[in-house]
Amino acid sequence: AQPGAPAPVAAPMRELDWGQINFLHTTDTHGWLGGHLQEAQYSADWGDYISFTEHMRRKADEKGVDLLVIDTGDRVEGNGLYDSSDPKGKYTYDIFREQSIDALCTGNHELYLADTVAREHSITVPNFKKNYIASNLDYIEPETGNQIPQAQRYTKFKTKNQGYNVVALGFIFDFDRNANNSVVQLVEDTLKEEWFQKAIREKPDLFLVIGHVGLRMKEFEQIFKVIRDENWYTPIAFFGGHAHVRDTRKFDDQAFAIASGRYFETIGWMSIDGIKKKNKGDVSAEASVSFKRRYIDNNLLGLYHHSGLNETTFPTEHGRNVTKMIAKARNALDLDYTYGCAPQDLWVNRAEYPSNTSIFTWLEKEVIPQSIVREERANQSRMAILNTGAIRFDIFAGAFTKDSTFLISPFTSKFNYIPDVPFAVASKVLQLLNSGGPVFSSSLDAKYLTIPEQFVPGFSPSERSVTEEPLVRILESESQKPLSGEQEPDLVGGYTTKDDLGEDGDDAIHSPIKFYQVPNCVESRIAFPEEGDPETVDLIFIDYVQPWIIPALKFSGGDYSNDDVEVYVDRTLTDVIEAWVKENWSENC
Ligand SMILES: O=c1ccn([C@@H]2O[C@H](COP(=O)(O)O)[C@@H](O)[C@H]2O)c(=O)[nH]1
């Protein structure tokens with residue numbers, strides 16, 4: 001863990017079930033390689049994960065089974081360690097590559113900006129040359145304009161100890177907001193490609209499908225059907241992500257998918273037993289395969305527990321060195337530099353919106369009205385719209401650092417506007433953005449305005465609960481009682497996941513708390529007349545929302561196009577929040 005990270009408290013634990021093939025999985029780490037410095041439950045860093053993996057690989061060798069390490073993308077955007085350097089990722093690509101990873105793929109965050117796409121192609125792909133898979137993603141070479149696969153389309157390998165033949169595929173969901181030096185092929189079309197049809201006829205002992213794909217999205221289902229039609233009994237292990245939740249989905253008795261949360265809070269564990277090795281010429285034979293899963297809270301006590309080691313025996317030399325690399329990078333970037341002191345916690349979805357503890361209420365009532373202003377139009381009534389997905393993380397009471405600004409909002413979107421929109425038209429926009437529906441084309445689903453945890457309808461984040469109190473504070477106020485006798489233990493708050501395999505997936509047994517739905521967008525009304533409505537307003541919006549704003553205005557009776565849009569404030573939300581905190585929370589903690 002990083003210097004200054006809070007120490008975790010022991011929780012009652014569920015063990016890891018080992019099988020013939022075992023997997024460790026990360027996804028949507030978004031640059032959190034230093035772990036969580038304000039939450040003890042997730043405070044282990046990438047160096048600790050490397051130590052853990054080394055121990056688990058040794059254990060696998062001792063048991064004569066296999067262990068594969070997977071990462072399913074969105075490694076960038078969301079943490080000062082990645083976002084605050086120039087160029088972005090100056091330190092994180094080198095830190096990430098220290099882990100030995102058997103299969104990895106691209107997420108949508110590696111594709112939003114052309115620079116990020118190019119860095120992925122020139123740094124991460126060669127760093128993991130044999131193991132990086134890009135089944136439906138191409139890169140446009142800047143020198144030639146040629147469209148080439150971002151990486152190999154699939155891999156074939158034999159596992160080290162059990163000698164299983166594996167065919168591995170690596171997908172990104174049908175993402176269409178990628179920069180124009182990348183091409184995402186629809187999954188449905190990829191499945192018809194000749195190479196794919198050949199891959200699914202390789203007759204391996206196991207198909208490994210990794211993807212930056214939410215488990216309840218259509219893409220894994222499409223892939224499952226096509227592989228299963230050709231291979232009636234071959235086990236298929238899916239590793240997904242994107243929705244930022246812990247989840248396991250059953251496709252059939254021999255095909256399961258796991259998603260391992262977000263922000264390096266979770267290390268996913270999947271194990272498979274009962275795989276039948278095919279002899280040459282064998283057709284697929286029915287087998288009784290069992291899949292197990294565990295969501296490991298990423299903290300040192302848990303990692304000691306699962307590796308059977310302790311503070312002295314756990315850190316490996318390699319792991320220790322990577323922990324030092326991270327600390328050095330954090331220092332070089334001055335990530336602990338304090339801009340101010342947050343007087344209270346402000347939650348993304350652990351508090352109701354609107355409320356005094358909602359981060360969106362704070363932005364809507366204080367930050368936006370006080371910050372989003374253009375001098376020459378300061379007296380003009382205005383409405384400013386922000387999508388809730390622009391906010392990625394909570395604010396904890398206490399020091400608000402340079403790092404905090406990027407944890408909350410790492411994006412480079414700025415503020416645009418359309419001047420002098422009739423109020424009668426502009427006032428209908430927010431409701432349309434929040435209700436979604438047929439106003440927007442299918443590729444413009446309004447759910448992509450909100451936080452990823454709400455992407456799946458009816459899949460309430462309240463079922464994926466986290467603590468009511470910041471975990472650090474729980475540690476200070478309570479001691480853990482042993483799980484014995486009549487006494488109910490005081491459980492540390494944390495994830496209490498329900499998935500297709502039941503309610504026993506999390507390694508640490510936690511007490512749950514409530515999560516709340518947040519709207520797709522929020523709106524501030526600024527410089528409005530004291531009485532009555534203005535005739536016209538400046539309609540301001542963070543530029544990510546623009547593709548939805550234009551059809552919403554059309555539907556409301558305003559015939560606007562992208563040509564009517566101008567820059568309002570040429571600063572990112574990250575810059576805006578930083579300036580506001582310096583001005584308003586300037587006292588020391
Ligand atoms: O520039 C951006 C990019 C993304 N968002 C929001 O993030 C989600 C996607 O999150 P994942 O981490 O990829 O799951 C997107 O739907 C937007 O809500 C943004 O606001 N600005």
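Helices here are DSSP runs of H or I with at least four residues, strands are runs of E with at least two, and both are numbered from the N terminus. With that in hand, we can find Lys203 in the loop between α6 (194-199) and β9 (206-212).

Before going on, a word on what you're looking at. This is a predicted model, where local features need pLDDT of at least 70, side-chain atom pairs count only at pLDDT 80 or more, and totals for chains, interfaces and linings use all residues. Residues are numbered from 1 along each chain as its sequence is written.

Most residues other than glycine have a negative phi, and most peptide bonds are trans. Phe264 isn't a glycine either, yet its phi is positive at about 60°. You'll find Phe264 in the loop between β12 (255-260) and β13 (266-273).

Are these two buried or exposed? A residue is called buried if 20 or more other C-beta atoms lie within 10 Å of its own, exposed if 12 or fewer, and partly exposed in between, with C-beta atoms placed from the backbone. Lys203 has 16 such atoms within 10 Å, so it is partly exposed. Phe264 has 27 of them within 10 Å, so it is buried.

There are cis peptide bonds to look for as well. One joins Asp86 and Pro87, with omega about 0°, and Pro87 sits in the loop between α2 (80-83) and α3 (92-96). Another joins Tyr353 and Pro354, with omega about -5°; Pro354 is in the loop between β15 (338-342) and α10.

**Helices that pack**

Here are two helix pairs. Axes are lines fitted to C-alpha atoms over the stretch in contact, and angles run from 0 to 180 degrees between N-to-C directions.

| Helix pair | Angle | Axis distance |
|---|---|---|
| α1 (residues 46-63) and α8 (residues 300-307) | about 10° | 10 Å |
| α10 and α16 (residues 573-584) | about 100° | 10 Å |

Angles under 35 degrees count as roughly parallel, over 145 as roughly antiparallel, 65 to 115 as roughly perpendicular and the rest as oblique. So α1 is roughly parallel to α8, while α10 and α16 are roughly perpendicular to each other.

Which residues of α10 and α16 meet? Val367, Gln370 and Ser371 of α10 touch Val576, Ile577, Ala579 and Trp580 of α16, where contact means C-beta atoms, placed from the backbone, within 7 Å. Sorted by class, that's five nonpolar, two polar and no charged residues. For the classes, Ala, Val, Leu, Ile, Met, Phe, Trp, Tyr, Cys and Pro count as nonpolar, Asp, Glu, Lys and Arg as charged, and the others, Gly among them, as polar.

Trp362 also belongs to α10 (residues 359-371). With 21 other C-beta atoms within 10 Å, Trp362 is buried. Neighbours within four places in sequence aside, Trp362 contacts Leu346 and Val367.

**Domains and ligand**

The chain splits into domain 1 (21-332) and domain 2 (338-457 + 516-584), with bounds from an automatic or database domain assignment. Their contact takes 14 residues from domain 1 and 12 residues from domain 2.

Where is the ligand? Both domains give residues to the shell around the ligand, so it lies between them. That shell has 17 residues, and the closest are Gly389, Ala390, Phe411, Tyr448 and Pro452; a residue is near if its C-beta atom, placed from the backbone, lies within 6 Å. By class, the shell holds seven nonpolar, eight polar and two charged residues.

How values were computed
Two residues are in contact if their C-beta atoms, placed from the backbone, lie within 7 Å.
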